[in-house]
Amino acid sequence: MRRSYLFIPGDVPRMLQNLDVFDADAVIIDFEDGVHPDQKEAARQLTRAFLKHHATRDVAVFVRVNAWEEAAWFQEDLACLSGSPLSGIVLPKAHPKHLTDVVFALEEAGLPMQIVALLETPEVFFHALELAKHPAVSGLLLGGEDLTQALGVPRTSAGDEILFARSTLVYAAKAFNKEAIDTPFTTVDDRDGLLADAHKANALGFTGKAAIHPNHIHDIHVAFAPSVEAIETAERILRRSETLKSMRFSLDGKMVDKPVVERARALLLRAAASRRR
Amino acid sequence: MKKVTVGTLESSDCQITLSPATHRHVVIDSVVQAVFGEAIEAVIHRVLDQAGLDSVRVDVIDKGALDYAIEARLKTAIKYYEEAADEKELSIHTG
């Protein structure tokens, strides 16, 4: 599971050639909303040439192509990326009714069958399970800006307006063991706001969070790493379980049973994975 | 045929202008001209050769772009340049 997905515009060389120095677990090279229509071809050519000549270290590379409905752009995106060493694509305006065609197009272009589905319309949240169930879908990503625009409400730092979408996405992704990726925090210089938002995403069950600025990566990793206290408690739970040869006991006045032991084990695995990165 | 310009003057990028000429003519203005001028010119000629483009003037203002960026910017410029040529031919045929 990747904790951070950093968006990088596909038409800016100085960002492309530094994509593996920002410490993000994954980057998303953007061909869609972050690129002006006049610059789409430049983004395609720059990205293709960059991926052809430069090996990227320790970072998964995705491209947010244009939406399936933007047929000409979508086809040109895939044609230009054909054979490129990508981890996968991010599919905007994802909907289950397009997935068969998208998978066919990916096959034709010789691209990996790894789709991060971007959910950004109110309707698609009622199809989230269908998206998560599809074998080519590796994760679900919440698109908060387009969603709130469609809902006709402002984005707030508290995020109440996207709570239903967040929870729906997490439940669907977890039902099929897929990545659940939270929407980016869009205020660049509000560090407290970012930390609060990322902690909330972690608490809701997201496995990672997207970012629109490299400065956000560190704080996202902090928020998604288990705390020292949580690690210590998990270690004590596992030690006691091992000592008692039981998954049912009391610790600090709280009942511990099998789900709690398994959660402790999962938390320690996540902590170990965070330390390795 | 129209003049076509692509790219930016930001760091690590370059701006490339293609315009009609009777033969291939490459002009490079680079912040790293002394060290990389020949390498930049080699990239330009390789891409022009691949495109089979000879009657063209190429003006490059380089701000420290790597080879991949120069190649990509030039390929984009050639695409737009050839599209502009096609549009002109179409207007001649239909005019």
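Student: How many bridges join strand S2 of chain B to strand S4 of chain B?

Tutor: Two strands count as paired if at least two bridges are found between them. In this predicted model, S2 (residues 14-20) and S4 (residues 56-62) of chain B are joined by seven bridges and run antiparallel. Pro20(B), for instance, has Val56(B) as its bridge partner in S4(B).

Student: Which order do the strands of that open sheet have?

Tutor: The four strands of chain B are arranged as S1-S2-S4-S3, and the pairing is mixed. At the edges stand S1 (4-7) and S3 (25-30) of chain B, each of which pairs on one side only. With direction ignored, neighbouring strands are turned by 10 degrees against each other on average.

Student: Where does helix H1 of chain B lie?

Tutor: Helix H1 (residues 33-51) of chain B lies across S3 and S4 of chain B, at about 145 degrees to S3(B). Along the sequence, chain B reads β-β-β-α-β-α, with two helices and four strands.

Student: Why is chain B said to be as compact as a globular protein of its length?

Tutor: One compares the radius of gyration with the value that the globule rule gives. For chain B the radius is 14 Å, close to the 12 Å given by the rule for 95 residues, so chain B is as compact as a globular protein of that length. Its C-alpha atoms fill a box of roughly 50 × 25 × 20 Å along the principal axes. Of the 95 residues, 32% count as buried. Among contacts in chain B with a separation of 6 or more, 75% come from residues 24 or more positions apart.

Student: In what order do the strands of chain A close into a barrel?

Tutor: Eight strands of chain A close in the order S1-S2-S3-S4-S5-S6-S7-S8, with parallel pairing. From one strand to the next, the twist averages 25 degrees. Helix H7 (residues 163-175) of chain A packs on the sheet, touching S5 (115-119), S6 (137-142) and S7 (179-182) of chain A, and its direction makes about 170 degrees with that of S6(A). As an example of the pairing, five bridges join the parallel strands S1 (residues 4-9) and S2 (residues 26-30) of chain A; Ile8(A) has Ile29(A) as its bridge partner in S2(A).

Student: Which residues touch the most other members of the largest nonpolar core?

Tutor: That core has 93 residues, and those touching the most other members include Ile28(A), Leu91(A), Leu141(A) and Leu169(A). Its largest share, eight residues, comes from helix H2 (residues 67-94) of chain B. Leaving aside neighbours within four places in sequence, Leu141(A) is in contact with residues including Val90(A), Val116(A), Ile181(A) and Ala210(A).

Conventions
Residues numbered from 1 in each chain as written. Chains lettered and ligands numbered in written order. Predicted model: local features only at pLDDT ≥ 70, side-chain atom pairs only at ≥ 80, totals over all residues. Axes fitted to C-alpha atoms, helices over the stretch in contact; angles between N-to-C directions. Contact = placed C-beta atoms within 7 Å. Core = buried A, V, L, I, M, F, W, Y, C linked by C-beta atoms within 7 Å. Buried ≥ 20, exposed ≤ 12 C-beta atoms within 10 Å, placed from the backbone. Rg over C-alpha atoms; globule rule 2.2 N^0.38 Å.
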